[in-house]
Amino acid sequence: MSNLAILPILLPLLTGIILVFLNKRLPLVRLITRIMVLVNLAVVSIIAFNVIQNGTIVLKAGDWTVPYGIVLVADPLAMLLVVTANLISVACAFYAFKSLDEHRERYYFYPLFQLLIAGVSGAFLTGDLFNLFVFFEVLLIASYGLIVLGGTKEQFRESFKYIIINLFSSMLFVTTVSFLYAVVGTVNMAQLAERVGEVQQDGVLTTIAILLLIVFATKGALFPLYFWLPKSYTVPPTVISALFGALLTKVGVYSILRVFSLIFVYNLSVTHQILLILAGFTLVFGVIGALSTNNVQLIIAYNIIPAVGYMILGIGVFSATALAGTVYYLLHDMIIKAALFFLVGAMVAYSGTSDLRKMGGIIKNQPLLGWLFFIAALALAGLPPFSGFIGKLLILRGAFEEGHYVLGVIGLVTSLLILLSVIRIFINGFWGEPKSEYVSNGNPVQGKILPAAFLLVFTVLLGLGAEFVYPTVQTIADQMIDPINYIDSVMKE
Amino acid sequence: MEIIMSILAGMLFTAGVYMILQKQILKIIIGTALLSHGAHLFIITMGKLNRGKPPILSEGVTNYVDPLPQALILTSIVISFGVTSFLLVLAYRTYQTNGTDNMEKLRGNENE
């Protein structure tokens with residue numbers, strides 16, 4: 001029974017390894033990928049359903065007793081995120097067939113893609129801080145491979161910076177974990193949560209908390225450590241940008257959420273105050289970036305940053321409402337970012353340029369693409385009835401309830417500016433006279449709309465079906481405020 | 001002993017950070033290697049340095065070294081080894097494709 005917890009990691013890992021050996025036979029690789037992403041989605045959905053119904057599944061790797069071995073904790077939060085990550089992986093797998101050139105497909109795109117999913121699932125599921133580092137490395141190394149795939153000049157230029165920054169923050173992560181081990185004597189998250197209150201070392205622990213925040217802020221693109229993100233996310237092909245934009249930064253946000261709701265909750269006036277301030281700056285600077293450019297891919301990449309700001313705001317406010325909002329927004333943002341990258345990728349493929357000033361009138365020939373983009377834009381900005389609305393509503397309500405009026409207002413204004421930044425794409429790109437300088441070779445958009453539509457269905461479902469999802473999310477948030485449930489399920493037996 | 005090791009780790013960090021801030025790609029890679037050495041040294045120091053004792057807790061053995069940092073450091077060494085070798089290949093390809101190994105010249109806005 002408890003072995004179920006490792007399946008979301010094991011399936012993509014094994015698939016990835018098998019695909020490496022089948023590399024020469026591309027049709028077979030495509031077929032296996034297609035089947036395995038669907039199988040994986042089905043499996044994680046069943047596990048998630050099981051977890052939400054019957055409670056957390058804990059796997060003790062190698063059957064070591066709890067504080068000594070590695071534990072995998074499939075709690076409702078982790079499983080919801082794993083399911084969402086697998087939704088993205090299904091959409092990306094089907095988008096990849098249509099959008100990648102064969103050269104890139106042959107050079108191990110599919111194995112790296114599967115390993116990335118394995119790393120992301122692992123990072124969500126692990127209950128051990130050092131193991132979190134290991135899964136971070138798994139997903140980062142896969143992402144290093146993906147970001148240089150194809151080997152164009154720009155890719156090499158930007159990916160080198162991406163790798164150095166991530167490497168630096170990983171080393172800081174290891175160092176911080178060893179600091180924490182020296183102070184508290186464990187790396188198991190549940191035991192950390194128990195002991196941090198007992199050891200009476202507030203000063204050192206707060207320092208360690210801030211060091212960890214720096215690490216996760218680099219991975220999650222928080223102000224002022226987001227500078228590496230926009231460019232390195234726009235140089236690889238669309239499907240890889242979508243994967244990165246949807247999953248990688250969210251893993252960083254998830255880690256902040258986990259660590260600052262479970263472990264470092266004893267000095268809220270310092271740690272969570274810092275989170276609030278950073279959230280405010282992240283919101284403002286991210287959206288300014290999104291408004292500052294005419295490159296459509298860059299606009300979407302910049303829009304990742306204010307979304308991270310919202311989630312960090314929810315964590316900083318640290319009330320049940322705001323945390324529920326954060327979880328909701330996390331689910332929403334993974335889906336909508338992938339969908340937006342897909343749609344913008346289709347726009348770029350259609351018009352042959354990523355410069356907004358050279359686009360126009362796409363809706364005349366591609367009405368479906370246009371309207372899907374319109375829906376995605378509204379969902380991103382958080383208009384009802386789409387999923388973004390619920391998350392933002394809860395986060396901002398939490399902020400106002402706890403008296404963070406300035407941040408609440410910043411959040412509202414940012415929301416409007418986000419709408420402006422994406423509607424600008426809609427108005428300039430889809431309306432107006434068609435500037436059809438592109439050479440029509442077949443239909444470049446064909447097959448790219450379906451994965452985006454697939455994801456947008458879930459955006460609408462998350463928005464309209466909030467009544468079904470919200471109770472689960474609220475339970476998760478309540479358990480985060482009072483993590484006794486998580487600790488008990490890991491530490492007992 | 002722990003103090004000396006901590007200072008040594010600190011020196012490695014300093015040198016690593018200095019090297020990362022250089023312009024030449026190869027120097028940056030050496031910097032990351034130094035940095036990871038510093039981090040590894042630091043992990044082993046954090047578990048207390050006891051010489052000549054086994055990292056095993058079994059019945060009857062009261063004198064033992066904390067085995068966990070040793071497990072952590074091993075994992076971390078393997079990872080940083082892999083990443084460093086990847087970086088070296090990447091640096092070579094970056095140099096070949098872009099025709100320079102100077103980070104100052106590796107910035108630009110051609111895509112905008």
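**Entry 1: the interface**

How many residues does the contact take from chain A, and how many from chain B? I looked this up first, keeping in mind that this is a predicted model. The contact takes 25 residues from chain A and 26 residues from chain B.

Next I asked which helices of chain A supply that side. Both α5 (129-148) and α6 (153-184) of chain A put at least two residues into the side that touches chain B. The most comes from α6(A), with 15 residues. Sorted by class, the side of chain A that touches chain B has 15 nonpolar, six polar and four charged residues.

**Entry 2: a closer look at α6(A)**

I stayed with α6(A) and checked its span. The helix has 32 residues and reaches 47 Å from its first C-alpha to its last, close to the 46 Å expected at 1.5 Å a residue. After α6(A) comes A:Gly185, and its phi is positive, near 80°.

**Entry 3: the two chains overall**

What does the secondary structure of chain A come to? I noted 20 helices and two strands for chain A. The radius of gyration of chain A is 21 Å, close to the 23 Å of the globule rule for 493 residues, so chain A is as compact as a globular protein of that length. Its C-alpha trace spans about 70 × 55 × 45 Å along the principal axes.

Then I turned to chain B. I found three helices and zero strands there, and from the N terminus on the elements run α-α-α. The radius of gyration of chain B is 19 Å, whereas a compact globule of 112 residues would have one near 13 Å. Taken along the principal axes, the C-alpha atoms of chain B fill a box of roughly 70 × 25 × 25 Å.

**Entry 4: helix pairs in chain A**

Two packed helices are described by the angle between their axes and the distance between the axes.

*α1 with α4.* I started with helix α1 (residues 7-21) and helix α4 (residues 102-125) of chain A, which pack at an angle of about 160° with their axes 8 Å apart. Angles over 145 degrees count as roughly antiparallel, and α1(A) and α4(A) are therefore roughly antiparallel to each other. Their crossing is left-handed. On the α1(A) side the contact includes A:Pro8, A:Ile9, A:Leu13, A:Gly16 and A:Val20; on the α4(A) side, A:Tyr108, A:Pro111, A:Leu115, A:Ala118 and A:Leu125 are among the residues involved. By class, the contact of α1(A) with α4(A) has 13 nonpolar, five polar and no charged residues.

*α8 with α11.* Which way does this pair run, parallel or antiparallel? Helix α8 (residues 202-220) and helix α11 (residues 268-291) of chain A pack at an angle of about 20°, with their axes 10 Å apart. That makes α8(A) roughly parallel to α11(A). The crossing of α8(A) past α11(A) is right-handed. From α8(A), A:Thr206, A:Ala209, A:Ile210 and A:Leu213 meet A:Val270, A:Thr271 and A:Ile274 of α11(A). This contact has five nonpolar, two polar and no charged residues.

Among the contact residues are A:Gly370, A:Phe373, A:Phe374 and A:Ala377 of α15(A), together with A:Ile418, A:Leu419, A:Val422 and A:Phe426 of α17(A). The contact of α15(A) with α17(A) has 11 nonpolar, two polar and no charged residues.

Most residues other than glycine have a negative phi, and most peptide bonds are trans. With that in mind, I went looking for exceptions.

Where is A:Asp63? I found A:Asp63 in the loop between β1 (57-60) and β2 (71-74) of chain A. Its phi is positive, about 60°, although A:Asp63 is not a glycine.

I also noted two cis peptide bonds. From A:Phe223 to A:Pro224 the bond is cis, with omega near -5°, and A:Pro224 has its place in the loop between α8 and α9 (229-234) of chain A. From A:Pro384 to A:Pro385 the bond is cis as well, with omega near 5°. I located A:Pro385 in the loop between α15 (367-381) and α16 (387-401) of chain A.

Methods. Residues numbered from 1 in each chain as written. Chains lettered and ligands numbered in written order. Predicted model: local features only at pLDDT ≥ 70, side-chain atom pairs only at ≥ 80, totals over all residues. Contact = placed C-beta atoms within 7 Å. Helix = DSSP H or I, 4+ residues; strand = E, 2+ residues; numbered from the N terminus. Nonpolar A, V, L, I, M, F, W, Y, C, P; charged D, E, K, R; others polar. Axes fitted to C-alpha atoms, helices over the stretch in contact; angles between N-to-C directions. Parallel < 35°, antiparallel > 145°, perpendicular 65-115°, else oblique. Left-handed = near helix turned anticlockwise from the far one by under 90°. Expected span 1.5 Å × (residues − 1). Rg over C-alpha atoms; globule rule 2.2 N^0.38 Å.
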